[in-house]
Each structure stands twice: as C-alpha cells, then as structure tokens.
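Grab a pencil and work through a few exercises with the structure open beside you. Try each task on your own before you read the solution.

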Amino acid sequence: MSEYRSGRHFLQIPGPSNVPERILRAMARPTIDHRGPEFAGLALEVLEGLQWLVGTDGPVLAYPSSGTGAWEAALVNTLSPGDRVLMFETGHFGVEWAGVARRLGLEVDFVEGDWRHGVDPGVVEERLGRDRSGTYRAVCVLHNETSTGTISPVPEIRQAIDRAGHPALLMVDTISSLGSVPYRHGEWGVDVTVAASQKGLMLPPGLGFTAVSEKAVEASGTATLPRSYWGWGRMIAENERGFFPYTPATNLLYGLKESVTIFREHGLEEVFRRHRRHGEATRAAVAAWGLETQCLDPSAHSDVLTGVRMPRGHDADAFRRVALERYDLSLGTGLGKIRGQMFRIGHLGDFNDLMLIGTLGGVESALVLAGVPIRRGGVDSAIRSLEGTA
C-alpha cells in the first residue's frame, strides 16, 4: 500500500503549470461533433481569443500537439531544404530547436552561448549585415529560455534585423512566455510566433500554436519542405469557418476558452504585473540565500521562472529529491549540459503570493536538509519584496 500524503502537491516546475479548477471543469464537458455548428462557434471564439492574447489580427493556428510540433510547423511551412537559418544557444531549448531544424534538412548557423544570457541584438545585426546576398531565410529566437530563466529582447532583435535591411523572417518561441510576460506579435514585427498550452495559458499539454504574419503566409506559398499535418493552407481555410482539416482536441479547446475568459477578467497587464512581482520576490530569496541565478544579466531575468545555481560540489538533483520526498514539492531539473548544476523554480500561471511563500519555504528548508550551504532568510526577503509591491 502506498503512503498517503495529505495536503496538495506543489508543482513548481516551469510547465506544465497548475491548471485552475475552472479550466478542469470546463474540459469535463461532453465532447461534441467537431463538424457541427456548436463546435464552429466554439472554435471561432477560441481563435479570436488567441489573436487577442498573441497581439495579432492575423491567423493563429492551433494544432493537437506539443510545442515541439509547433516548432516544426513554423519551419516546414516557410522554408525549403538547404535554407540557411540563424539560431542561438541560449540554453537547452535553443539547442533542441536547432536540432529540429537540422533534422529537417536546414543549414543552421548556430551562435554559441554560455546559457546565462539572452540573444544579443548586436550579434543579430552583425551576422545579417555580413549576409549581403540574403542567404539567411529566418532568424529563430526563444523569447523565454525555459531551461535557464532568461528573456531575449524581441523588439530590439526586430530592430536589429531592420537596421541590417535583411529580408529574413523572424520566428519567436513563446512556449513558456505567452500569457506570463508582455508579448505583441504584430507590434513587434514577428513573422511566426510559436506557443503551447501547458505553461502560461494554464492548460494541460496538448495544444501547439503558430501565429503567422502576411509575410510568413507568402513564404509558405514557395516553401518546399514536406508538410501535410502541419500545413497552414488547409488549416487557415477551414479555420475561417470555425473548423479544422482533421479532428481537433475538442475538450482542450473548451479549456482554452475558459483560459481566455480568465485572462480577460484579470486583464493582461495585471497578469504581467503579478508575474513580475513573483519573479522579483523569488530573486530576492535567491540573493538572500547567497546563491546565484542562472541568468547573469539583470535586464534579462525571467518572470516566468528562476534558475538557481548550486554551490560547487552539491548536486541539484539530490537536493530536488529531498524537496520532493520531504515536502511533496516538484522543482525543475537542470537540462542538457547544466544538469545537476542548477534547479528551476516555476512561478507562472495560476499562482498567488501565498503559494510562492510556501514554495520558497519548501526550497529553503530542503536546501538546509540537503546540506547545501546557504544563509537563512530567503523567505523573509521574498515576503518583504511582496509587501513592498502589493
């Protein structure tokens, strides 16, 4: 017989995030005919809500997929075999997206990084400025690198592309940032925005999204990478009537409708302010413990999650086991080449001050129990930060 654990499980990984009860109840509705008028009304409402969230008047396509599927959709709809793309090693997911591009037969110019900074717009301008013949077809960046807790400045990257006078498409991964921190697809001049359901949108995994500009749609007309399931053409045509070219994730769309309703009730600016407060409070706790954040650039700190470096000689995964076994607290692991060197505290989605205080209390106590040398008082520092921004 397994041991009963009272109380709630603290799921503080940076996605999948906690799903509000309202959304769980919405998804529990009976499945309906995805070819009928009731579904068409649902789909049209949901797609309009996605446009509002992303900040665009153009198409936002919803796939039954993970964010990785949306990565692939962005690439195969706009590019051809052998096309050259500029990508950045901001962390594990920057590496992974580049891997998808290579496996599709694209030539990836990969700018190496230290996993502690975001994309440098100056490097973007310099690389594109040297590409006089316009061989780069796309610049691909992660808005929020989930593996490190680092934000890249998308508006400044767009400006860098424009200063270089380069025609490359700008593709941005917002899988962990959409719905948590400010993002404006149209205003910022993004051509393809990639997103997913399981992080800031407060849904279970299972929906991937691509928002596309007119320029990206035009590029899809001449792109020759193979595509069928991911193809934009049929999807855009069917979506105009509230339908999909294949069976959609109907009950997740019910949940997405409720998610958009929650965002409208709170207001996006208030949601962003809450995430900013929680990010600041978490970083205050980390500093009080005498530990380092994975992100070294104060202007690039993520308000979605905080990556925390372990002191030399201490294993992050051993500490995470203590947090899980003692406090039923799940924290994000270090990924790729920083596995064991850091852990991640998610503070996104359906989250409030008291949940953050409880999370940081569990982290502080588990660090002590795991024998990690820290100073006490991180939770107190976080509380003072929250009180000062209430």
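**Exercise 1: the largest pocket**

The largest pocket holds about 370 Å³ of space. This is a predicted model, where local features need pLDDT of at least 70 and side-chain atom pairs count only at pLDDT 80 or more, while totals for chains, interfaces and linings use all residues. Residues are numbered from 1 along each chain as its sequence is written, and side-chain values use heavy atoms, with hydrogens and water left out.

Solution. Start with what counts as a pocket: on a 1 Å grid over the protein atoms alone, it's an open set of points where a 1.4 Å probe fits, with protein on both sides within 12 Å along at least five of seven lines; lining residues have an atom within 4 Å of a point. The volume is the space filled by probe spheres set on the points, which are joined across faces, edges and corners.

- Step 1: Helices here are DSSP runs (H or I, at least four residues) and strands are E runs of at least two, numbered from the N terminus.
- Step 2: sort the lining by class, and you get 10 nonpolar, seven polar and three charged residues. Ala, Val, Leu, Ile, Met, Phe, Trp, Tyr, Cys and Pro count as nonpolar, Asp, Glu, Lys and Arg as charged, and the others, Gly among them, as polar.

**Exercise 2: the second largest pocket**

Task: work out which helix gives the largest share of the lining of the second largest pocket.

Solution. 

- Step 1: this pocket has about 280 Å³ of space, and Phe93, Thr146, Ile175, Gln198 and Lys199 lie nearest its centre, out of 19 lining residues.
- Step 2: helix H3 (67–76), helix H4 (92–103) and strand E12 (329–333) each supply at least two lining residues.
- Step 3: H3 takes the largest share, with three residues.
- Step 4: by class, the lining splits into six nonpolar, nine polar and four charged residues.

**Exercise 3: two helices side by side**

Task: decide how H5 and H6 are oriented to each other.

Solution. 

- Step 1: the axes of H5 (residues 121–130) and H6 (residues 154–163) come within 8 Å and cross at roughly 25°. Axes are lines fitted to C-alpha atoms, for helices over the stretch in contact, with angles from 0 to 180 degrees between N-to-C directions.
- Step 2: H5 and H6 are therefore roughly parallel, a label for angles under 35 degrees.
- Step 3: Pro121, Val124, Glu125 and Leu128 of H5 make the contact with Glu156, Ile157, Ala160, Ile161 and Arg163 of H6; contact means heavy atoms within 4.5 Å.
- Step 4: these contact residues are six nonpolar, no polar and three charged.

Notes:
Parallel < 35°, antiparallel > 145°, perpendicular 65-115°, else oblique.
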